[in-house]
Amino acid sequence: MSVEDGGVPGLARPRQARWTLMLFLSTAMYGAHAPFLALCHVDGRVPFRPSSAVLLTELTKLLLCAFSLLVGWQTWPQGTPPWRHAAPFALSALLYGANNNLVIYLQRYMDPSTYQVLSNLKIGSTALLYCLCLGHRLSARQGLALLLLMAAGACYASGGFQEPVNTLPGSSSAARAHPMPLHITPLGFVLLILYCLISGLSSVYTELIMKRQRLPLALQNLFLYTFGVILNLGLYAGSGPGPGFLEGFSGWAALVVLSQAVNGLLMSAVMKHGSSITRLFIVSCSLVVNALLSAALLQLQLTAVFFLATLLIGLAVCLYYGIP
């Protein structure tokens, strides 16, 4: 399995086992994010500022990177720190910040179900930019695998699970009989295409600079998350009145922040030693974890569509990484 395909050639078996474990952990953390966030809800809403959680996540990543360098888990470069290498990460942080805010802004112009289905177009945009910017070519099998990933994501978003039927009088059956209609405005469609392009560009650009620079991953992350903290600090300050910085935080909220921070560091390792395509497969496979945890923790019922999406993801993995 080549680096472009998401593997690390020439690794001894223990190191390959650690790589596989890292991929499984990242998949699990991605999948656990939404269920853990749902457990934070109070009276049907998130009781803390989203900008506070994002800022805390970026700050946790920064502190973990600094700690790994201080204790010697990764070697600090000899001589003067190459601060000139920090500049490219400013654009990376800006792209990620724009992408995260577009996700919230898009909800004004389409319903959540339409967003969940159409946002899978970012798989295609990432693959296209991966080929154009990094000079890699995908075989017909690999292209078909990515199309299957897009189909799996659309299937899952369209009805991977449902709320249990409540037959009690006064239940929410009336609400379910009149769900939010599917809709998307012309401006919403344009913004969605922009979101998919920025999502792909942020991933491919970060992979490019991480692989070109011969620096420890922890130092590169230090650069990236320093800009991330500065950017999100500005977004928090400009977010207007609302709950205090830590107001509304609970144990579940702390778990969300910590898991997202650790997963961000794992994904950085994937980008440096794997590829943006590997990241796509991690995100897609995390849908299975998301559904299973939602069923276990939130009492949601899995549907036949979930099993179809799981089958499509499995076929995509076999097609992309299997022996031709």
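At which residue does helix 1 bend, and by about how many degrees? In this predicted model, helix 1 bends by about 35 degrees at His33, with a proline, Pro35, following within four residues.

**Helix 1**
- Helix 1 covers residues 13–39, and because its 27 residues should span 39 Å at 1.5 Å a residue, the 39 Å between its end C-alpha atoms agrees with expectation.
- The buried residues of this helix include Trp19, Met22, Ser26 and Thr27, and Gly31, Ala32, Pro35 and Phe36 are also buried.
- These buried residues of helix 1 pack against helix 10 (251–273) and helix 11 (276–298).

**Gln213 and its surroundings**
- Gln213 lies in the loop that runs between helix 8 (186–212) and helix 9 (217–237), and it counts as buried because its relative accessible area is 9%, under the 20% cut-off.
- The side chain of Gln213 reaches the backbone oxygen of His85 at 3.0 Å.
- Leaving aside residues up to four places away in sequence, Gln213 touches His85, Pro88, Phe89, Gln220 and Lys272.

**Cysteines**
- The disulfide count comes to 0, with a disulfide requiring two cysteine sulfur atoms within 2.5 Å.
- For Cys131, the closest cysteine sulfur is that of Cys133, and because the two sulfurs are 9.7 Å apart, they are too far from each other for a bond.
- Cys131 counts as partly exposed, at 24% relative accessibility, whereas Cys318, at 52% relative accessibility, counts as exposed.

Definitions and conventions:
Residues are numbered from 1 along each chain as its sequence is written. This is a predicted model: local features need pLDDT of at least 70, side-chain atom pairs count only at pLDDT 80 or more; totals for chains, interfaces and linings use all residues. Side-chain values use heavy atoms; hydrogens and water are left out. Helices (H or I, at least four residues) and strands (E, at least two) are DSSP runs, numbered from the N terminus. Buried means under 20% relative accessible area, exposed over 50%, partly exposed in between (1.4 Å probe, protein chains only). A polar contact is a pair of N or O atoms within 3.5 Å; within protein, one must be able to donate a hydrogen and the other to accept it, and residues adjacent in sequence count only if both atoms are side-chain atoms. Contact means heavy atoms within 4.5 Å. The expected span of a helix is 1.5 Å times one less than its number of residues. The bend at a residue is the angle between axes fitted to the seven residues ending there and the seven starting there.
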